[in-house]
Every structure is written in C-alpha cells, then in structure tokens.
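This report goes through selected parts of one protein structure. Keep the sequence and the 3D view at hand while reading.

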Amino acid sequence: MDSSQESMESLLLQFLTPDNEIRRQAEDRIKRLAKDPQVVASLVHHLRSAANPSVRQLSAVLLRKKITGHWAKLPPSIKQSVKSALLESITVEHCPPVRRASVNVVSIIAKYAVPAGEWPELLPFLFQCNQSPLEDHKEVSLILFSSLTETIGSTFQSNLEELQPVLLKCLQDETSTRVRVAALKAVGSLIEFINDGNDIVRLFRNFIPSILSVSRQCLANGEDDVAAIAFEIFDELIESPAPLLSDSIKSIVQFSLEVCSSQNLEIHIRDQAIQLISWLAKYKSSFLKKHMLVVPILQVICPLLTEKSENEEVDLAVDRSAAEVIDTMAVSLPKHVFPPVFEFASMSIQHSDANYREASVTAIGVISEGCSEFLKEKLDHALHIILGALRDQEQTVRGAALFALGQFAEQLQPEILSHYDLVLPSILIALEDASDEVKEKSYYALAAFCEDMGSDIIPYLDSLMARLVITLEKSNRNLQETCMSAISAIASAAEQAFTPYAEKVLELMKVFMVLTNDEDLRARARATELVGIISLAVGRTRMEPIIPPFIEAAISGFALDYSELREYTHGFFSNLAEMLDDGFSQYLPYVVPLAFSSCNLEDGSAIQNEESDDKDKISGFESVSSDDENPDEPRIRNISVRTGVLDEKAAATQAIGYFALHTKGAYAPYVEESLKILIRHSTYFHEDVRLQAILSLKHVFTSVQAFTGGQSEMMEKQKEVIGILMNIFLKTMMEDDDKEVVAQACTCTAELVKESDYALIAPYIPQLAEVTLTLLREESACQQIESDSETDENDVNHDEVLMDAVCDILPAFARAMRSNFEPIFANLFEPLMKFTKPRRPPQDRTMVVACLAEIAQEMGPSISGYVDRGMPLVLKELSSSDPTNRRNAAFCAGEFCKNGGPPALKYYGEILRALYPLFGDTEPDAAVRDNAAGAVGRMIMAAPQSLPLDQVLPVFLRALPLKEDLMESVIVYGCVCELVLSSAPQIVPLVPEVVSVFGQVLVSPEEGDEVKVRIGMAFSHMVSLFGNQLQPVLAGLPPAQASALASCAARA
C-alpha cells in the first residue's frame, strides 16, 4: 500500500473515532482530498480492501457523494475498474450495509454511464444476480434495481415485459422474507415510470394479485412490516397518473377491509389499511362509486367507531381513524355516504352498548360537513337523536353528542339557527354536567353555536355570562381554555351588546396574560385571543384608552418559547388593527418585526429519503462531506412538519395583510420586506400559508394605493406591485392544487380588476382571459379528474366556492372593460353555460344566472347579443323552488331588460307572467319580492311603452316599500319618482298608494339620502299638481310620515 492510500485509510479511521475534534479535522482533510479526481481510485481501493467494514462503508458513502463531479474527468480505464469493483462489491461483500452503500454508488454512475452506452453489462449483471440461488444475491439485485429507478428509471419501461416475471417470481419466493420485501420495494419503485401505454399498464396490474397474496401470507406469519410495504405501494398506485388500479381496486379494498377489521393485528398496520381507504375516497372516489364499494366499506368502517383504545393519549386509534375515513368519504361522495351512515346512526342509538350509542352520534357529527345538504333535510330527525344522546347516562355518549352539535352549528347554517331555542337550553344544561370532559365539549358546542347567532344571542347573555365568568374564576385550566373560546364566540355574535360584560372579562384576562409557566401558556394564548375579539366587538371608542397594557403583555409573550402563544398573539394584533384602523399605526414598529420574525422561522421540517433508515445513518455518516449539494441525491419521499410553526406562520402572514390594509400609507416602510415574505409564502408547501399570502398580497396593494407622493411615482409603484400580484395570482390559479387557495386568488384578482386603474390591469387581460377559460373548463391543476377513471357525465361534483370565485372574475372584467369585454365574453359564454345543464345542481344554475346579471349590469348594451341564449334559463329559474335562484333570476331578468335593447323586448310578456307569482302571498321570501320589484322597475325604465302599466303598477306598488334588499332602492323608487315627475297617466289613480310608500321610505333609517332627495322632488311635483287634494291622503298617514313628507317637499 503506498503512502497516499495509507493516508486516506488513516483519515477514514480517524473520521470513525468518537473524539469530535479528531473527527472534525479528518473530515476537513477528506473534503480537501475529495476535490481531486484521484480520490475516486483511492476510495474504490478501500471499499474493496479495507479490513474494517465501517471504513468500506464510509468509502462507498464518500464515493456516492463525490462521483458526480469527477466521473467525466476519469480516463476510461479508471471508469472500467470502478464499475468492476462496485459490481464485485455487490456480489462478494458479506456486510449488508456495505453492499447497500455500493448499490447506491452504482445507481449514481448509471445515470451517466448507461445513457452514454458505457455500461452495457449492468442490466445483464442485474438479471444474472437475480437468478443466483443465494439469498444475498437475489436481495441485492432487487435493492440495486430499486436504486437504479432513482437515476435511470425510464430505462426500465422498455424492459418491463422482461422484468415482470422476474419480479413476480421474487414476490412469490416463500423461502426468503428478505427477497419478498426487496421485491415489493422494487415493484413500488417502478410505479412512477409507468405511463399510459395499455401494454405496460396491463403488465403492472398483474403484480397486484401477487402483492396481495404475499401480504396475506406475511400477516398470517406475523410479518406486519412486509404488509406495511404493500400499503405504501397501494398508496403510490393511487397517486400515480397512470391508470394502474382498474378492477384491482375491489381486491385492494377487500384486503384493506380485512386488515382494518382484524383486531388481532397491530394498530399501526390496521391504521395503514384505514388510511388507504381514506386515500381512495379522497383521490379515487369515482372508482369507489363505479365498483359499488361505498356501502361495503361503510359496513366495515362504521362499526370501527365502537372500538375504544385503553389509552386515549396514543397517537393511533382505530375509532379516530375510522371517523376520519367517514368524514373524507362524506366530502367526496355525500349522496352515496349519507344513507348508510344515517341508517347506522339511527339503529345504533338504540343499542344497549354505550359504545354503539357514542358511535351513532359521532357518525352524524363527522358527516355533517360533507353531507350537510342531506342532513339539513333530516335535521329534525338528526336533532332528535343528538338531543336524546345528551340525556344518556354514559358521559362518553353525552360528550359525542356535544361534538355533533358543534359540528351542526359549523356546517348546517343557516337552517340550524331556527332550532336555537331547542338546542341552546340543552347546551346550558350540559354546562353543569358532573363530568369535566362533558363540560369541556359543551363549551365547544356553545362556541360553535353562538358564533352565528348574531343578535339572537342577546336574550341569553345574562345567564350565559354568569356561568362562564364563574368557570373562568374557579375551574381547571382545560375548562378555562374552552370557556374562553365560548366567550369569544358570544362576544363576536353579540358585538356592542357584549359591552356590559367586557370589563369583568378583561380584568380576568389581565391575570391570564402574564402567566409564564409552561403548563399555563395555552391559557395565556386563549386569553390573548379573547381580548382581541372583545376589542373588535366592543369597538374603538371604549377599547382604545384601555388597550395599551394588553398590547404590552402580548408583546412580552414573544420572549416565551411557545409557538401557539405567538400564533394567537398575531391574531390578537390583527383584530386590534381592524378595530383601531389608522390608530394602530403607532404600534407598527413593535408588532411588524414580530410578524416578520415568525414568517422567517425555520419550518421544522423533518425530511426522510427513500432508504434513509440504513443508507448513511447506520454508522453516523449522514454529515459526511455535505458541504455541497449533490444533484444525484435520491428524491425526497416523506415530509413531516411541526404544525405549531406552520400555524404561527399562517397567523403572521395574515397579520401582515391586516396591518397593511388598516394602516394604509403608514405601512409604507414595511412594504418591501412584506412583499419578499409574501412572494415566498405564495408557493409555500402548505395551503394554509399560501392562502393567507394571497390575501395579504391584495391588502398590501391596498396600502400601496394609499401612499402619498408624486403622481407618476405612485403610479409606477402601483404598476410594480400589481405586476407582482397578477403574476402570482395567475400562476396560482393555473398551478396550485388546492381549490380554496385558487378560489382566494380568483377573488383577489376580481377585486384588483375592479378597483385598479385599467391601465395597470390591461397588460394582464389576455392571460387572465385564458386562465379564466381554463378554470371554466375545469382544466386547471386543482380541477384534474382522477386519472384512472372514465369521465362520468353525470358526475357534477366540483367545488362550489371555487366556481363562485371564478364567476366573480367575469363581472370584474365587464366593469373594467365595459363594452370592450364582449370579444372575451364570447369565448367564455359557452363554457359558463355548461353549468346550467339539467344534470347540474340548482346552485350551479343560480351561480350562472347571478354571473350573467352582473355582467349585463356592467357591460351595458353589448349584452344584447346574449339575451336570446340566456333568457330561457332566467325564465326557468324564476319558478325555482330555491329562493336564492328566484332572487338571482329576477335580478338578471331586470338587467337583461335594462341593457338588452330590442332582443329583450319580445320577452316582456313572459317575464311579467313569471314574475307575477313572486308578488303574491304564496311567495314566502321578502328578498325575492324585492328583486322582483327591481326587475319590474328596470323594465319600466327601459321601455315603459312595452308594459301594460295600468295592470302592472298596482301590483308593483303593493310590494313596496322594500323589506330586505335595499340595494334595489335606487332603481325601484327612482322608477316611481320618474313616473310621477313625467306625470304618467297610469300613476294618477294610484297617488294615495304612492304617497304612502314615499312616507314609509322617508322615515326609514336604513334608506339613503339619494333616494330620499329624489322622493322629495317627486312629492313636491305631486303637490304642485294636486295641491289640497293630497290633504286627505296625508291625514291618513302616521304623523311621522306626514311630517317627513311635508318637510321633504319644503326642502325640495
């Protein structure tokens, strides 16, 4: 051995010593030596000849990290010797970690050598090694195959027909678990390279029966870890863009159901089986429907809700996992999930076993989001079950019932509010339950229920707050925390009516907001949140003088290392910014750096590479020569995240937006850094942070619009920022895979288009039109259908929130471009109208009708070319059973008539006939009647000669004054005033009715000055025409109305 070889071996041995200083020096010297291509031959030598297996392994690890930079510089003879030595190491080496390390080097070299035709013997070697009778050789050939897929995976596509029988044989090797495990991993590594070619897909599908067979055998033998690999493969099959499942989904589901229902198996493997069902429900729901698997799955999963873990603190629990699956299925397949789950709940509530009664109400609770529309139809029955369970003798059943009530409050709006007189007293009783656990859940239910009650909460405030204050003063920390959440909801609902209770609660919060013990910090976080919510409810006038000590306490909390406290404090500052508005500017120097600091935190991501369990870690080699990035490192497969930091980042990102929105020009010093953070967060890996970034970017632009300075300078800044925003929003709409984030980007884009100078927006109009078209066609990244499934024409599932947001963009276009929008709308019209097909749900049709109405309103006469194609839909929707549909249709009919010109005139008769029932006693919705009046007002203003006014006006006036939708006031009362001012003969017989309407409008505090001034002019004109003849009419009015009319006429 020459001196250089001895020197390298010495360094490798030194690196393995426990002495940190010697180890550090050795690594520094190795890094310097590794820059010379000659290090390759030296490392290969030690890989093959070192006596110490750790030295051999370290040599291979270093080779893997450095070979990429040196390979092209090596002479052919050295390359050949390296390849030969590595293959020899794979077959002759007795130490498994060294073999595997050598395999990884082969994989890296293959990336360059195989495409260049420099290693023709590699694949024959792989097959030859696999045919060996030795278990080690078979196993390492499969490990090598898996590793090679990391670098030259596409090469194997053309060899799949040859590979398939080899892998199948290894999968069925009953003599070696190691070989079967390696074969499973090898099959899994192929998945991402399977394309849509029918032959290749068919070959791969043939693996699935063997994978299932091996998994069943291994589970029977207690080899759960092998079955776990199978579930990982099935997960990847679901994610694959190639249609690999086909009819195999039935056998995969059957296997998963066998596993998850087998109580003798370990919890982790059962949980994997349950999660696979959840994954299928989320990403392949149409397959579950097509193969009629929904009911069989629920027949197994629902009873799993009755399984209770002895230790509630464990991370994995069958009942919790089952509930998650049911929730996912309900969101994906509500129509198919609701009947079997509701039947299970209805039967189980009568069971003698309390676990079944608990499962009954839990099941109803978890489907309330996905199956909300179906539950609303059965709300009386569902409440009967839940409220009955609140009286159950078992506390677990009562607790589950309270959870379900909380879910109802969150998901079944607004229908659930009509039952508050029944539900709220039941929750109040639960607040006195003997069980603290039940009490805690009762506060959750109370918080969820009160949040949307608005002023209906006021009669209950005294009794509620009396109990809640006692809980704050005397209960344990857990109850105090949930109690604070309930008070937050009550304050939000009651708003200023909460003022009498604010002082007492705020005094108590002062105590909580200075707690510093670790076990008290959650309570401090909740208290901080509560003070912000009370501030918003009570208002600036009362809170501004007393808020500084609370702000000081909140800022001091950042010195404590507790992410949740920082998260809630950012929310507190957001609420204060909204409450104080420009008054919050004085606090910006203190709070903005805190938000920036949270946004710039390390994610705390834990990243694991494929095979990371033994690749470098086993001998502590994970830090070797990691100073430079290696592009050939294996792809990242698994990412886990500290959710506390994630939530903190989301809250801080939101806070930046609130600060900018409410302090406007005062936020100028922080805009540049804010933009850097928000741009970065707009592509963050988690959707919660991305969503807040999108919204905050829009708020920052609002701040920029308020900057003071030279006109040209300000326009240039706005142009710069709007360019950043539009590029991010357009990219998000096309490429983001989360529908809620995309919906937010659509909403913000629509607002930008409506609120900005058109010159700033104009450069982005063509691209925005293309993106909008893609979204209407449901072809963006977040709208992709399942790759395996055939498109089902009857499957109309899409995200209602997303498409509503997309439809907001079209009227924004129309407002910005007016008649110039028509050429763009011509391309968007048919894709929009596809949502009105009969198979579509009612909410789709009303979405389109509302969109058309707003476009007609903004685009003006150019809408005339679309009247004939849109009016039949509008006329049909006027008789819809849904009041929202009738309202939107009435509004749209009026706008079509107002701006549709001659094409609209021929529909006047049909429109009047369709509107007439909306004015009658059979119409239960006052807002519908108001919109019908608005439609008639627009028709009269557009073409009075086209209506039989003598028949229309009596019906029209009987619907006045408007009751709900005062947005129609200008049109409706403007129409009446115009008829009066023009002395229309048809209005003369109706003077008493007109005067009565005018009087009621003038005394209404909700009507605006514009309407009242117009009425004053019209009434003055009536006085000039009829003089004393009006006295009997005025005498018949309430004094306040008569006085208002007289005063108004005098001013006019």
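## Leucine 265

Leucine 265 is buried because its relative accessibility is 16%, and buried means under 20%. The model in which this value was computed is a predicted one. Leucine 265 sits in the loop that runs between helix 14 (248–260) and helix 15 (267–283).

Apart from neighbours within four places in sequence, the contacts of leucine 265 are Leu219, Asp224, Val259 and Arg270. Between the C-alpha atoms of leucine 265 and leucine 960 there are 70 Å, and the two residues lie 695 residues apart along the chain.

## Isoleucine 233

Isoleucine 233 belongs to helix 13 (residues 224–239). With a relative accessibility of 3%, isoleucine 233 also counts as buried.

When neighbours within four places in sequence are set aside, isoleucine 233 is in contact with Leu184, Gly188, Ile191 and Ile211. Glutamate 713 is 480 residues away from isoleucine 233 along the chain, and their C-alpha atoms are 58 Å apart.

## The cavity

How many cavities of 30 Å³ or more does a search of the whole structure find? The search finds 1. The volume of the largest cavity is about 60 Å³.

Its lining consists of Leu126, Phe127, Asn130, Ser141, Leu142, Phe145, Leu163, Val166 and Leu167. Helix 7 (122–130), helix 8 (135–152) and helix 9 (160–171) are the elements that each give two or more residues to this lining. By type, the lining residues are 7 nonpolar and 2 polar, with no charged residue.

## Helix 33

Helix 33 (residues 588–599) is made of 12 residues. From its first C-alpha to its last, helix 33 reaches 16 Å, close to the 16 Å expected at 1.5 Å a residue. The buried residues in helix 33 are Leu588, Val591, Val592, Leu594, Ala595, Phe596, Ser598 and Cys599.

## Aromatic pairs

A pair of aromatic rings is described by the distance of the centres and the angle of the planes. Across the whole structure, a search finds 18 aromatic pairs. In one of them, tyrosine 684 and phenylalanine 685 have ring centres 4.7 Å apart and planes at 35°, so this pair is tilted. Tyrosine 684 is buried, at 8% relative accessible area, whereas phenylalanine 685 is partly exposed, at 39% relative accessibility.

The pair of phenylalanine 813 and phenylalanine 821 is stacked, because the planes of the rings are at 15° and stacked pairs have planes under 30 degrees apart. Their ring centres are 5.3 Å apart. Phenylalanine 813 and phenylalanine 821 are both buried. Ring pairs join Phe813, Phe821, Phe825, Phe829 and Tyr866 into a cluster.

Technical notes
Residues are numbered from 1 along each chain as its sequence is written. This is a predicted model: local features need pLDDT of at least 70, side-chain atom pairs count only at pLDDT 80 or more; totals for chains, interfaces and linings use all residues. Side-chain values use heavy atoms; hydrogens and water are left out. Helices (H or I, at least four residues) and strands (E, at least two) are DSSP runs, numbered from the N terminus. Buried means under 20% relative accessible area, exposed over 50%, partly exposed in between (1.4 Å probe, protein chains only). Contact means heavy atoms within 4.5 Å. On a 1 Å grid over the protein atoms alone, a cavity is a set of points where a 1.4 Å probe fits but cannot get out, and a pocket is an open set with protein on both sides within 12 Å along at least five of seven lines; lining residues have an atom within 4 Å of a point. Grid points are joined across faces, edges and corners, and a volume is the space filled by probe spheres set on the points. Ala, Val, Leu, Ile, Met, Phe, Trp, Tyr, Cys and Pro count as nonpolar, Asp, Glu, Lys and Arg as charged, and the others, Gly among them, as polar. The expected span of a helix is 1.5 Å times one less than its number of residues. Rings of Phe, Tyr and Trp (its six-membered ring) pair if their centres lie within 6.5 Å; planes under 30 degrees apart count as stacked, over 60 as edge-to-face and the rest as tilted.
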